[in-house]
Amino acid sequence: MRTRTLGPGLTVSAQGLGCMGMSEFYGPLDESESVATIQRALDLGISFLDTADMYGPFTNEQLVGRAIAGRRDEVVLATKFGNERTPDGKPIGINGRPEYVRRACDASLERLGVDHIDLYYQHRVDPETPIEETVGAMAELVAAGKVHHLGLSEAAPETIRRAHATHPITALQTEWSLWTRDLEIDGVLDTVRELGIGFVAYSPLGRGFLSGSIRTIDDLANDDFRRRNPRFSGENLEKNLRLIERVREIAVETGVSPTQLALAWVLSQGDDVVPIPGTKRRSYLEENIAADDIRLTAAELDRLDEAFPPGATAGDRYPDMSSVHR
């Protein structure tokens with residue numbers, strides 16, 4: 001697989017692997033298949049793995065740690081802190097206080113079974129703690145050798161600027177796909193590019209919707225968190241299905257799957273962009289990886305922009321949008 005460079009010198013595979021769904025949120029779990037998926041990703045050249053302490057909670061970092069045991073030098077490991085939860089999964093709140101940053105990092109290192117984290121993100125911005133204090137504590141982790149690069153997730157342009165002035169930020173992680181394009185018009189993308197910060201696109205397949213396999217809410221397991229997502233229900237779902245039908249038509253004409261077309265679109269947005277599609281199955285992983293070989297023409301990109309322009313998707317991307325783009 002090709003590589004790309006995030007920010008000031010972090011080289012990663014052109015696609016990463018989002019590991020969240022291996023432990024929570026997306027229906028039934030199969031730990032052995034998840035571990036096999038991570039190891040297959042490494043075999044195929046995906047070096048960039050993404051997890052967070054809140055996934056599980058806590059268990060996803062442990063799973064990733066087991067999967068990469070003995071192969072640490074093949075991995076660019078990213079994890080996150082800030083969405084604080086109890087061990088039984090109840091949300092506590094967003095925490096960016098310096099003392100918590102230090103404690104969270106040590107706990108993640110232990111669960112992952114590693115001596116450093118390659119890219120450490122603040123998962124969500126704490127409105128009660130100045131970003132300078134949070135990033136200052138993260139910078140101390142860099143000085144201590146526990147963390148090599150810093151990142152933010154779902155931060156607003158002014159927050160990104162203030163954070164970057166405190167310590168260089170290597171990557172911003174935010175949702176970006178054909179059906180989530182707000183960052184193209186709200187200043188986020190312009191800001192990171194002005195500052196030389198790389199962009200990590202999570203949910204590049206629109207939480208699986210762009211695959212075309214979700215037609216009704218009943219296609220989702222009872223415990224699947226997408227059942228609570230406004231985009232997957234009622235009139236919003238009906239409108240979004242009409243949009244995905246146009247993407248499916250372009251995919252058929254191009255000779256690729258809708259999933260591969262959606263990933264190829266994200267990959268075409270610039271060499272500073274790295275999508276991290278999440279999957280817990282090897283078959284889907286291999287389908288995703290094949291998108292790396294697709295080169296969309298200008299005409300195909302224009303057709304996709306016409307089919308799925310910014311703002312076309314019906315419904316908010318979370319039931320509660322208060323914690324994003326702070």
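The following dialogue reads selected features of a predicted model.

Biologist: Let us begin with strand E5. How many of the residues of strand E5 (residues 76-81) are buried?

Modeller: In a regular strand, side chains alternate between the two faces of the sheet. Here six of the six residues of strand E5 are buried, so the strand is largely enclosed by the rest of the structure. Val76, Ala78 and Lys80 point one way, Leu77, Thr79 and Phe81 point the other way, and all are buried.

Biologist: Which way do strand E4 and E5 run, parallel or antiparallel?

Modeller: Strand E4 (residues 48-50) and E5 run parallel and are joined by three bridges. Within this pairing, Leu49 has Leu77 of E5 as its bridge partner.

Biologist: I turn to the backbone. Which residues does a cis peptide bond join?

Modeller: Most residues other than glycine have a negative phi, and most peptide bonds are trans. In this model the bond between Gly56 and Pro57 is cis, with omega at about -5 degrees. Pro57 belongs to the loop between E4 and helix H2 (59-67).

Biologist: What is the phi of Glu154, and is Glu154 buried or exposed?

Modeller: Glu154 has a phi near 55 degrees, a positive value in a residue other than glycine. Glu154 lies in the loop between strand E9 (147-153) and helix H5 (157-166). Its relative accessible area is 0%, so Glu154 is buried. Phe25 also has a positive phi, near 85 degrees, and lies in the loop between E3 and H1.

Biologist: Why do Phe25 and Phe225 count as buried?

Modeller: The cut-off for buried is under 20% relative accessible area. Phe25 counts as buried because its relative accessibility is 18%, and Phe225 because its relative accessibility is 15%.

Biologist: What is the geometry of the pair formed by Trp176 and Trp265?

Modeller: Their ring centres are 6.0 Å apart and the planes stand at 80 degrees, so the pair is edge-to-face. This pair links distant parts of the chain, 89 residues apart: Trp176 is in the loop between strand E10 (171-175) and helix H6 (188-195), while Trp265 is in helix H8 (residues 258-267). Both Trp176 and Trp265 are buried.

Biologist: Finally, which residues lie nearest the centre of the second largest pocket?

Modeller: Trp179, Arg181, Asp182, Arg231 and Gly311 lie nearest its centre, within a lining of 16 residues. The lining residues divide into seven nonpolar, four polar and five charged. The volume of the second largest pocket is about 160 Å³.

Technical notes
Residues numbered from 1 in each chain as written. Predicted model: local features only at pLDDT ≥ 70, side-chain atom pairs only at ≥ 80, totals over all residues. Heavy atoms only, no water. 1 Å grid on protein atoms, 1.4 Å probe; cavity = no way out; pocket = protein on both sides within 12 Å on 5 of 7 lines; lining within 4 Å. Points joined across faces, edges and corners; volume = space filled by probe spheres on them. Nonpolar A, V, L, I, M, F, W, Y, C, P; charged D, E, K, R; others polar. Buried < 20%, exposed > 50% of the residue type's maximum accessible area, 1.4 Å probe, protein only. Phe/Tyr/Trp six-rings, centres within 6.5 Å; stacked < 30°, edge-to-face > 60°. Helix = DSSP H or I, 4+ residues; strand = E, 2+ residues; numbered from the N terminus. Pairing = 2+ DSSP bridges.
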